[in-house]
Amino acid sequence: MTSFYDIGALLEKRFEKIGKYTYYSIYSVSPYKQLKERIEYLLAGNPAVVAAPGVPGAGKTTFYAFILANYLKDIICDEGSSHYLYVYIAPTNDLVRDFMEKFMKFLKGVFGVDCPPDKLSERIRVYGSKISAPRYTRLLKAVDDKVVLVASTDWQRVSARILSSKEQYYLIDEASRMTFVRLFIPIADAIARGRSEGEIRGFAVIGDENQAVGLSYEEREQLFLHAVRKIENSDYVDVIPLTISWRLPEYTARPIKYGFYNGNLTGRGNPLTIQATHEEVKKLLETEKRCKKYEKYIEMFLNVAMQHPLVHLELGEHFRSGEKYDEKRAELGWCMAYVLSQLVKNKRISVVVPYTKMAFAVRILGQLPNVVTATVASYLGREDDIIISIFGKEQASNCNTYYMQDPYTFNVQMSRQRNAIYTVGSAEILKMSSEYCTKLTQKKRQDRLKEGWDKLTRTLDMLLQMRSVVSI
Amino acid sequence: MISVKTVSLGASFCIKKAYLSLMIDTAPSSHTPYDQPPGSQEIHDLLAYLTPFVTYSILREKSLNESIDEAWNSLRDYVEQFGNLTNEKYRKHRATLLEFLSAYAALLKWLQHNKGLDAENIYIYTERMLVNMPQSSFLGTHDEFLPVIGVPDVVIVRADGNYGVVVDWKTVPERGNAAHYFQLALYRHLLQKVMKEVDAFLIYVTKSGMRKVVSLTRPLQSLPNAQTEYREVNEYIEKAKIVPSLLYGLTFCQSFLKTAVNIGKQYGIQAFNPRKGHRPCQYCGHREFCQYRFAKSTELTKEERKLRSTFFKLYKIALKKKSEEFKNLVDFNNCVRFNRLIFESPTVAKLEVALPRGEPFSEEVMRYSLGKTTVYIFSLNDPLNKNINSKVFYSPMLFGRYEDDEVNLVPRGAEQMLEVRVRMVSPMFAVRWLPLYLLYNLKPNAKIFGNILVCPGKVPMNIELKAVATIENAIVKYERGVSREGKWALEMIKNIVLTVADEYD
C-alpha cells in the first residue's frame, strides 16, 4: 500500500523501441533548439546559467531526461571513475520518479543503451523520502568515484553524500517552493561575472513563477528563476521562455492562458469528451447510495462533459465556513470520480483539493480504481488524464484565505489535466473576493500579491465566460 | 529548552561558557557540540546502530567479536541507504567500536548477574530523546525549573519499568570530565521520574588506550575487560538544577551577571573572567566574545556598547520565538491514538486503529486528519512514558512525517480500521529510526509497539538564534582584530546593526 517508488525496477524495465528522430525533431525547433544547445554547452564543462520560464506542461521533466540521456548515453555503461557529476533536482518524489522513468525510457528505448541494471546502479544515485530500491540498494547510497548522475528531491541530500571531489552541473526543476536554491544564487552570480570557482560549475533551471506556491512575498523574490532574470545581461546567462504546453488541451487551458500568462500559452494536449448513456449513469448511481442525492447534478455535468473537456459546476454557495472540509463538496467530488472511473476505465483521475482535511474527507469515502486524491501543494509538477478540481474557501474573510494568501495555487489547481478538467465551486464568489481584496489593499509591499489577485480575477472571469459552465 | 550537556558545562566548569555555548556552539538540529574529537560522531552513530543487537547477543551468551559483525551485517545495507555512514567507516572504526563494546559487554554481564537483566525482560534504546519541561506547582510557580533536552547514548529499561540503566560513550580523554558526571547525573534524575532505580555508567575509550567504566551510582567490582571506578554524584543534581535559571537570567536580563555570579557562588558554580587572567580562560575559544559580552559598559567603546545593546534586543526576539516553539514542542492537545505500530520498512511506520462503524465525517474519524506534519510517536506502554499525562517528562520513541495521503478506512466487522503512515524524512534521523526498526525485528510483539500516541509537534531547531550569535561573535572578533576574515561582509553587517540601533533609539 505504501507508495514508495521502486527505482530499481526501472533499471530492469524493458522499454519499447522509439525512434529518436521524433524527439530530435521536436527539440530542433525554436525555442527548444536554443535551450538544448545552451544546456549541452553547460554539460560539456562550460560555466553557464540557463533559465527557462515555462508554462505548465512545457515538458520540463521530459526535456531534462532527454538531454541527460542523450549526453550520457555513451559513458553511462563505462568502467572507471567520473570527474563530472550531473544532478537533477526536483521538488517532489513524484517528479524524481517521473524523471528516472523518462531517463531510462530515452536511454534504453530511444538510444538503445543496453547495459545491465547492476552496472547502471553503479553510475546512478536517486534520493528522496519516498524513493526505494530493494534490489539495487546501491542506488540510494553515497556518491562515490563512479557515479555520474544523481536525481534528488533536494540539494542537501546530495551535498551530504558526495564523497569524492567532482565538478557538478545542476539541472533544476523549480516547480515550487525550493528555498535551498537560495544557496545557488551567489554562485550563479559569480558565474555570470565570469568567476566560476569551486565544484559547482553551472545550472540550468526550468520553472514557472506563476506556479511557485506557498511562498511569502519575500520568498517569491528569492526564487532562483527570479534571481537569474536579474543577471540575464551577462554573456554567461541565457533566459529562454517556453510557451507550448504539451499537456494541456487548448480549451482547458483557456482560463489560465488569459489569466496568468497574458495569452502566451498554446495548449497541445489531447482533449477528452465523455461518452455515456442516461441508463448507464442511472445504474451506476443506484449501486452507490451515497451518490443518489447528487444524481441531478451529475447528469447535468455529464451532459456538458460529452461536448467539452472543461466543465465548471458553479455552486450557488461558498465553502463551509470555519472548517477545512466541506461534506457536500467531498461527496460530490467523490461521486463524480466514482462515475467517471466506471465510464472511462482507461483513464486515470485525480481529485485535487486545497486543504489536507478536505483531501482526507474525500479519501475516507473509499478507494476507487484509478483515482487518487491529493492537495494542490502535493500535486505540484504532477498531472493526470482527468482532474476533478474542487475549490476551497471562496469567501474573502479578511483576504487571508487559501487563495487570497496565495493566488498562484489556483493556477496549479487549474493546470494538471492531460485530457479533461472538471471544476467544482463558486467562481463568482471567488472572483468577487479577489476584486474586493485588490481594492482593499493599498500597501506597496503587497504589489506582488495584487498582481496575483489580478491574475486570479482574470482567470475566473474567463472561466465564467466559457460555454461549459453548469450552474447548480 | 537547554541541552543537558550545556547545563553540565555550566555546573562543572563556567556558567559564562555555558551561556556562550548555548548561544553559539550547538549544531542546530542535534544536541551534540561541534568540539568533539574527529570521528567521534561517526563512532557514536555506529554504536547507536550496533548496541541493540549486541546487547541481546551478549545477554544470550554469544561472543562479542561475532556479534559486532553480525549486528553490522544485519543493518549495513539500511545504514548505507538511509543514513550517512558507509561500510568503510565501519571498518575504519571497528577496533574502537570493539573496545567500547568489550567494556559494555563486561558491564552487561555484571548487570545480568547483579540486577537480573536478561534478553527477554529489557528494552534497549539508543539515542533516545528525553524531554523535561518546567514543573509547575499548584500556585503557578515552578516546583522544578529544569527545561532540558537530553539524548543519552544508551538507555536500558527493565520491562517491569522499575529499573533502568543509562550509559554514555566517551571518546575524550578523562580530563575535566566533571561535566560528564553532571550529564549522567541529570539523565539519571530525569529517568528517576519514571523509574524507581536507575544506574548510570560512563564508558571511556581513548586513543591513549584507556578503557574504563565509571559507575556513578554504586561501586562496581572489577570487570574483565576494563578498569572500573566509582564516583559519587548524588549531590551533583542540586547544583545542576540551578544552572537553567542562571542561563535564563543571563539570556533575558542584560545586567544579570553579578546576580548570577553571587547565586552561583552559593552552589559552587564558577564564572571565570578573562580580564582577570583566570587560567581556564586562556584555552577558551570564547575568550574575546566573553570579554565583550560580560564587560562593564565603561570597558567598551561607544560602538561596542551600541552593538551589544542592539544584539541583546535581537536575541530577545529570537529567544521569544524559540521559547514558544519549545513550549509547543509537542502539541498534546491534538494527539491521536492508535492500537499498533508496524514497521513496513526501516523508514516507514504504519499505524493502525480500530474505530466504531459510523459516519465518515464524524469527529472521531476526522481528527485523524493531521496532514503532512511533523509528529512525535509515543508508546503508552513504554515505561519511559509512564507519566506522560503530566506533560513534564516524556520521551518520544520516534519523530517523523505523518502522511494521511495514504489513509485507509476499511470496514472490518462491527468496526472500521483506519491506517496512516509516518515516514523518516531525513538521513539525519536514521540513527533514531534504524535501531528501533532493528528492535522491532527482534521483538515485533513487544508491548512498546502497541498503545501508540501520535502528536503533532515542532522539530527543535535554533537557526535564528545561532545565526544572530554567530554574526555577533564574528563581528566582535573582527572589531578586536582577532580575525579579519569576511572583512567586507562583517563591515556591512555591523553597519546594518548600528543603523537598526539608531532606528530603535
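α14(A) passes α15(A) in a right-handed crossing. A crossing is left-handed if the near helix is turned anticlockwise from the far one by less than a right angle, and right-handed if clockwise. The model is predicted: local features need pLDDT of at least 70, side-chain atom pairs count only at pLDDT 80 or more, and totals for chains, interfaces and linings use all residues. Residues are numbered from 1 along each chain as its sequence is written, while chains are lettered from A and ligands numbered from 1 in the order in which they are written.

**The helix pair in chain A**

- Two packed helices are described by the angle between their axes and the distance between the axes.
- Helix α14 (residues 295-305) of chain A packs against helix α15 (residues 327-343) of chain A at about 55°, and their axes are 11 Å apart. Therefore α14(A) is oblique to α15(A).
- Angles under 35 degrees count as roughly parallel, over 145 as roughly antiparallel, 65 to 115 as roughly perpendicular and the rest as oblique.
- Axes are lines fitted to C-alpha atoms, for helices over the stretch in contact, and angles run from 0 to 180 degrees between N-to-C directions.
- Helices (H or I, at least four residues) and strands (E, at least two) are DSSP runs, numbered from the N terminus.
- From α14(A), A:Tyr297, A:Ile298 and A:Phe301 meet A:Leu332, A:Cys335, A:Met336 and A:Val339 of α15(A). Contact here means that the C-beta atoms of two residues, placed from the backbone, lie within 7 Å.
- This contact has 7 nonpolar, no polar and no charged residues. Ala, Val, Leu, Ile, Met, Phe, Trp, Tyr, Cys and Pro count as nonpolar, Asp, Glu, Lys and Arg as charged, and the others, Gly among them, as polar.

**Domains of chain A**

- Chain A is assigned domain 1 (5-242) and domain 2 (250-471). Domain bounds come from an automatic or database domain assignment.
- The C-alpha centres of these domains of chain A are 32 Å apart.
- In chain A, 18 residues of domain 1 are in contact with 19 residues of domain 2.
- On the domain 1 side, α5 (93-110) and α9 (217-221) of chain A give two or more residues.
- That side of domain 1 of chain A has 9 nonpolar, 6 polar and 3 charged residues.

**Domains of chain B**

- Chain B has domain 1 (36-237) and domain 2 (332-456).
- Their centres, taken over C-alpha atoms, are separated by 26 Å.
- In chain B, 30 residues of domain 1 touch 23 residues of domain 2.
- α3(B) gives the largest share of the domain 1 side, 6 residues.
- By class, this side of domain 1 of chain B has 19 nonpolar, 7 polar and 4 charged residues.

**A sheet in chain B**

- An open, mixed sheet of 4 strands runs in the order β1-β6-β3-β15 in chain B. Strands pair if DSSP finds at least two bridges between them.
- β1 (2-3) and β15 (393-394) of chain B are the edge strands, each pairing on one side only.
- β3(B) and β15(B) run antiparallel and are joined by 2 bridges. B:Asn132 stands opposite B:Phe393 in β15(B).
- Helix α6 (residues 178-191) of chain B packs on the sheet and touches β3, β6 (148-150) and β15 of chain B. The direction of α6 makes about 105° with that of β6(B).

**Between the chains**

- Chain A brings 21 residues to the contact and chain B brings 23 residues.
- Helix α16 (residues 356-363) of chain A gives the most to the chain A side, with 6 residues.
- The side of chain A that touches chain B has 10 nonpolar, 6 polar and 5 charged residues.
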